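Subject: Structure for you to look at

Hello,

Please find the structure below. Have a look at it first, then read my notes.

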Amino acid sequence: MCVFVRNGCLQYETPVCTARLHSLDTPYTDNSRKQRGNFWSNTAAFNLKMVHTGVYTLSHTPLDADKGVAVGSTQVGSSLHYDKSTDGAHYNDVHLTVPKSDITKPYRGMGKEELLRFSSRPFWRRLRMVCISIILLGWLAMIFAVVALVLIYPKCRAPETRDWWQSSAMYRVYVRSFQDSDGDGIGDLKGLQSRLDYMEELGVGVVSLSPVYRTGTVDDDFDIVDHKEIDPEYGNLTDFKSLVDAAHDRGLYIIMDFIPNHTSDKHPWFSASSQSANRSNDKRNYYVWSGTVSPPNNWVNVYDESAWTYDSNRKECYFHQLRSQQPDLNIRSALVQKELEDILKFWLDLGVDGFYIRDSGFMFEDFDMRNEEHDSESSSTDTTAYEYYDHKYTYGLPEVFDMFARWRTVLAQYSNSTEKILMGDSIGGVTHTMDYYGHFGRDGIQIPINKFLFAQSGSCDGTCVRNYVHTWMSNLPKGKWANWMMGDENSDRFSSRFPANFTRPMFMLTTLLPGTPIIYYGDEINVEDIPVSSSTRWAREQKSRGLMQWENSTWGGFQNGDSCPETGCGTTWIGIGDDYQTNNVKVQESTGGSLLEFFKELMTLRKLPSFQIGEFHPALKDSSVFSFVREFDGEKGYLVAINFSPEQQKRNFQGHQKSILELADVALTSGQSGRYKVGDEISTDGVILDGFEGVVLSWSYQVKEL
């Protein structure tokens with residue numbers, strides 16, 4: 001009987017087999033040998049496992065000794081013998097042979113073993129290896145491509161962090177003129193504290209105070225008799241601590257003036273130093289003494305007088321670069337250095353956030369006291385004039401930068417949660433000023449004051465502005481931070497040096513450039529100089545120090561009637577601008593489009609990421625217009641375009657910087673003509689700017705190609 005198995009299923013040659021082999025699941029046992037004779041008449045009792053596809057032959061003819069050895073040759077019929085050329089197996093008397101297949105090509109429906117047999121042939125093995133190799137090489141190629149793209153493609157920049165002194169605008173206050181709280185006619189710390197809300201609303205983040213130390217009888221803020229006390233005219237240490245705490249509660253920071261170069265001649269240090277040069281006097285070297293009864297050289301002070309004054313007690317001359325009542329400290333002395341460090345720590349312990357070092361370039365003088373020579377660039381012929389000399393022996397000596405580094409170390413001890421900073425003024429060119437950032441690889445101060453605009457008055461066109469910006473930015477050391485200052489208490493007010501309508505474009509420039517803008521109190525409402533009776537440069541009464549104009553009331557709101565004595569408020573120490581009744585904070589707060597409102601809008605705009613951390617790219621620059629782009633990855637880009645001439649200008653800004661798009665939205669305008677309104681979409685190829693008008697245009701971020 002022939003049994004066909006295809007895909008593991010039995011198929012029979014004749015219908016008889018269907019009836020005879022219906023019970024293949026019954027196990028075959030030795031007890032069933034008796035049934036050999038009736039094998040086909042009874043149900044078969046064996047279990048066959050057929051795993052090959054092909055023809056199987058079943059036989060009930062017994063094999064010799066049941067050893068699986070066939071007798072005779074292969075026959076087809078009732079007697080089937082074992083063929084050694086085939087794979088065979090037997091179950092007792094029933095023998096199963098699996099003939100070798102003569103199929104040479106694969107076909108549909110092959111079983112597992114046939115599939116494996118064909119797939120083991122050399123051709124298919126090689127084909128598999130080729131396919132696997134192609135897949136592996138493809139994966140490796142993709143991996144290398146991804147790695148190459150990661151290495152080559154520009155990385156997304158992480159936003160830089162900005163400290164408080166970089167992200168915020170600074171507001172410089174002359175305390176004596178800002179707000180009087182007790183009616184004595186002098187601004188004080190309590191009055192300043194009462195106006196902190198105004199500064200917060202203004203959008204500034206740092207308040208820089210004029211000197212408030214205890215002074216002597218001379219009418220001078222620098223005539224200091226105690227560096228660790230508040231002058232009673234301004235309050236006391238409790239008032240100062242209250243001011244600092246209140247400022248911090250509002251997120252504001254306090255910068256204090258630090259005056260290390262000199263003291264008053266009424267200071268206890270000088271009194272002790274002038275008593276004797278004897279070694280028993282530990283303060284004998286606190287000041288610069290000549291050791292002679294007459295000036296040892298030709299040095300003159302800034303007021304065109306001899307820099308040496310004879311002291312009758314010590315019988316020697318002492319050195320002073322400013323007034324004779326302000327002797328210079330000998331900062332080469334280790335004891336003096338320790339005293340100055342203690343002063344810094346004293347105010348840092350009270351919560352001060354930084355110091356503005358005043359007259360810092362004067363701190364050291366030539367140890368050998370050599371005569372100074374004529375300055376070849378000076379036009380002066382007066383040998384008693386300060387400007388006649390080249391002050392290489394009395395100003396900006398390298399030791400100055402060493403002190404900056406020492407003081408930075410002191411401040412670093414207090415910079416655990418908030419960085420403490422140093423600012424400083426300087427006299428000289430931009431190269432010398434840049435040294436203040438750091439010298440010979442050592443840390444300098446964070447903010448060397450940029451006063452290069454102070455020398456300008458009348459006008460400053462596009463070329464002037466370009467030189468002003470380029471001079472600072474091109475010389476700025478890598479990683480350092482710029483600053484922009486329009487005026488202070490020792491210069492004429494900005495609105496008195498330039499036309500009134502020049503303030504808006506200059507505010508737009510200085511607040512949107514990279515760097516810290518430093519605003520002098522009152523400039524945000526265009527306060528002007530006032531007439532004064534004093535003509536001396538050192539007196540407190542200076543025309544740029546007029547009372548702050550708060551409102552249309554007596555003394556412009558400088559004095560609060562509720563806090564005045566029963567006898568009424570006293571006369572103020574200085575006058576107020578003639579226009580205070582119409583030009584004051586209260587009026588401008590209620591007037592749409594006012595300078596004060598514009599300033600607040602600028603403060604809001606400069607807090608955006610593109611202005612805080614964005615790149616600076618100069619754009620179109622000519623004799624009238626100055627423009628630049630601020631942008632950062634993933635943020636809007638901005639074009640700041642300002643007309644610094646009095647005439648209307650029309651410019652095409654496309655192509656002057658690759659980021660500028662054809663169309664842009666108006667983000668802010670300084671003009672009041674109404675030509676452009678915030679939100680308008682305009683073409684950048686024909687921007688019209690009225691005289692002294694500026695506009696800020698914005699566009700959505702555009703992905704840059706490699």
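This is a predicted model: local features need pLDDT of at least 70, side-chain atom pairs count only at pLDDT 80 or more; totals for chains, interfaces and linings use all residues.

Pocket first. The largest pocket holds about 1,100 Å³ of space. Its lining comprises 36 residues. Nearest the centre lie Tyr303, Asp359, Ile427, Asn490 and Arg537. By class, the lining divides into 15 charged, 13 nonpolar and eight polar residues.

Now the helices. Two packed helices are described by the angle between their axes and the distance between the axes.

Take H14 (residues 503–512) and H16 (residues 595–605). Their packing angle is about 15°, and their axes are 10 Å apart. Angles under 35 degrees count as roughly parallel, so H14 and H16 are roughly parallel to each other. The crossing of H14 with H16 is right-handed. H14 contributes Thr503, Arg504, Phe507, Met508, Thr511 and Leu512 to the contact. From H16 come Leu595, Phe598, Phe599, Leu602, Met603 and Leu605. Nine residues of this contact are nonpolar, two are polar and one is charged.

The second pair is H9 (residues 334–349) and H10 (residues 398–412). Here the angle is about 40°, with the axes 10 Å apart. H9 and H10 also cross in a right-handed sense. On the H9 side, the contact uses Gln337, Leu340, Glu341, Leu344, Lys345 and Leu348. H10 meets them with Met403, Arg406, Trp407, Val410 and Leu411. The contact of H9 with H10 has seven nonpolar, one polar and three charged residues.

Best wishes

Notes
Residues are numbered from 1 along each chain as its sequence is written. Side-chain values use heavy atoms; hydrogens and water are left out. On a 1 Å grid over the protein atoms alone, a cavity is a set of points where a 1.4 Å probe fits but cannot get out, and a pocket is an open set with protein on both sides within 12 Å along at least five of seven lines; lining residues have an atom within 4 Å of a point. Grid points are joined across faces, edges and corners, and a volume is the space filled by probe spheres set on the points. Ala, Val, Leu, Ile, Met, Phe, Trp, Tyr, Cys and Pro count as nonpolar, Asp, Glu, Lys and Arg as charged, and the others, Gly among them, as polar. Axes are lines fitted to C-alpha atoms, for helices over the stretch in contact, and angles run from 0 to 180 degrees between N-to-C directions. Helices (H or I, at least four residues) and strands (E, at least two) are DSSP runs, numbered from the N terminus. Angles under 35 degrees count as roughly parallel, over 145 as roughly antiparallel, 65 to 115 as roughly perpendicular and the rest as oblique. A crossing is left-handed if the near helix is turned anticlockwise from the far one by less than a right angle, and right-handed if clockwise. Contact means heavy atoms within 4.5 Å.
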